[in-house]
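I am opening this notebook to record, entry by entry, what I looked up.

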Amino acid sequence: MTRFRARSLVVAAATAALALTACAPGGGSDGGDAPQRQASDVETDVASAGDVTLTVWDQEVRSGQDKPLKELNAEFMEQYPNVTIKRVSRSFDDLQKQVRLAISSGDAPDVVQANNARADMGSFVSAGLLRSLDGYAEVYGWNERFGADVRAVSSYSEDGKTFGEGSLYGVPLTGEMVGVWYNKAKLDELGIEPPQTMEDFEAALATAKEAGEVPIQFGDLDQWPGVHTFGFVQNMTVPRDDIVKLGFGQAGASWTSSENETAAQTLVDWVDRGYFTDGFLGLGYDPSWQSFAKGEGVFLVSGTWLLADLQSGLGDDLGFMLPPTGESGELAVTGSTGLPFAITSESENPDVAAAYLDFITSEDAMAKISDAGGLPVYDLESQQVDGIQGEMFDAWTTATDEQALTPYLDWASPESSTLLPAEVQKLMDKSASPAEFLQALEDDYASFTG
C-alpha cells in the first residue's frame, strides 16, 4: 500500500470565491431568532450531562458512508455510557423532504444533516431553526480544523440572506465531487482510452453505442441526478467563472448565454443519440448505479460518495476520472463538501450534540472515512490509500490545485432546489426546448439577483 501524498483538503476556487464575494440578494424573513451558545457557556463534560438521548438524522445510507458513522456512534456511546444515540438514516430525497417539518415541530431531532443550499440551510437559518456553532467552534478549535473555504459553504448571515459568511451552522465529514466513473474492462474491449477532452468523450459514447453497450448509465426518476449530469456537460462548455457566479446566485452571469445554450443542446443531442439508459426517466438513482456496479454501462456520471459501493461490484475494473475538458482546455468539476451536520434550535442538549459533532469530525473519524473508501474533508495527507481510491484522491488534489471546483447548481437561488431538477427533466424528456429550459432558469435567477 502506498502512502497518499497530498496536501490538506481545500475546497478551492468556487468556495474561495464565495467567501470573498458572497451576495445577499433575494428575500427571506428577518428571522434568525435561534438560541445561541457563547463559548464561555459551553459545557464540554459530556459525562456530567446525565442520561441523554441524542436523536440524529443523517443521509449516510450507503455502505461506504454508513460504516464509519455507525462505528463512530458506537464509540461515542462507549466513551459516554450516559448518552444514547438514536440514529435515523434516510435517503437524501427523504431527508430533504422531511427535515423541515421535523425541525420545526415540537419534537425536533438534536442533530440533522442539512443541505447547504439556500432553500434548505439558508431558510432554516432564516427561520431560526438551527443554532449558530460559533461558540462551539471556538471551544473545540473547529476554525483551525476546517479551512475557511470549508466553513464558508456552511455559513450564513443570521437572517439567512447571505451565503458564505456570517456564522457557522454545520460541520461536514467528507469532501466530494462529481466525476466520471468508468468500467475499465469495457473500455479495453472497445479500444478506448479514458477520454481527456469533450471531443474524445463524445467519440467514446458513439463507439459504445455502436457496440451495443449503454454509453452512460443514468436514472433520473429522483430528478436531482439530472442536475449533476447537466452540470457535467456545462463544466465542459461554459467558462468556469460563469458557473461559479450562477451557482452562488451572484449577479453578472446569465443562464441564457450562448455557452449554456450549447450545454443544453448537447444534453438533448445525447438523449437523441441514445447515449443514456433506456427509460432513464423511470429509473431511480440507486438502481442506476447498482446496475453500473453489476457491469451494465461504460460510464457513470456521479459522485465520489459511491466509491465503496461501486468497488464492491466492479473491483479492479472500476476507474474514476475528472470531467474531460472542452474547447477552452479549462478543467471544471462540480464539488464541495458533504452535507454538514447541524444542531437544531429545539435540541435540549446542544452541548452534548456539539461534543458529538466534534467526535465525528475528529482525525480518527477522518481515518475511518478513508478506510471505508470515502474522501475525508481534511487530513488526507495522513491516509494510506492505493488503487481506485488513490486515483480518486489524486483527482481531488488536481481539482483543488487547479482551483477547478464549481458549486452545486441548486445553491443558486431559494427556488433552485425544486426548479432546476424539474426543468432538467423537462429538457431531457423533450417537453421543454433548450431555449425554454434556460429562460425558466433565467427568470428565477434574475428575480433573485435583481
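I first listed what touches Thr344, taking contact to mean heavy atoms within 4.5 Å. Leaving aside neighbours within four places in sequence, I found Thr344 in contact with Ile103, Ala108, Pro109, Asp110, Val112, Leu129, Leu130 and Arg131. I placed Thr344 in the loop between strand S10 (341-343) and helix H15 (350-360), where helices (H or I, at least four residues) and strands (E, at least two) are DSSP runs, numbered from the N terminus. Is Thr344 buried or exposed? Its relative accessible area is 0%, so I noted Thr344 as buried (buried means under 20% relative accessible area, exposed over 50%, partly exposed in between, with a 1.4 Å probe and protein chains only).

I keep in mind that this is a predicted model, in which local features need pLDDT of at least 70 and side-chain atom pairs count only at pLDDT 80 or more, while totals for chains, interfaces and linings use all residues. Residues are numbered from 1 along each chain as its sequence is written, and side-chain values use heavy atoms, with hydrogens and water left out.

Next I turned to the sheet. Its four strands form an open sheet in the order S2-S1-S3-S10 with mixed pairing, where two strands pair if DSSP finds at least two bridges between them. I marked S2 and S10 as the edge strands, each pairing on one side only.

I then followed the pairs. S1 (residues 52-58) and S2 (residues 83-89) pair in the parallel sense over seven bridges, and in S2 the bridge partner of Thr53 is Thr84. S1 also runs parallel to S3 (residues 111-113), joined by two bridges, and there Val56 has Val111 as its bridge partner. S3 and S10, by contrast, pair in the antiparallel sense over three bridges, with Val111 standing opposite Ile343 in S10. I noted that S1 is largely enclosed by the rest of the structure, because six of its seven residues are buried.

Lastly I looked at the helices, with axes as lines fitted to C-alpha atoms, for helices over the stretch in contact, and angles from 0 to 180 degrees between N-to-C directions. H2 lies across S1, S2 and S10, running at about 160° to S2, whereas H15 lies across S1, S2, S3 and S10, at about 165° to S10. The axes of H2 (residues 63-79) and H16 (residues 363-371) come within 9 Å and cross at roughly 145°. In that contact, Pro68, Glu71, Leu72 and Glu75 of H2 meet Asp364, Ala365, Lys368 and Ile369 of H16.
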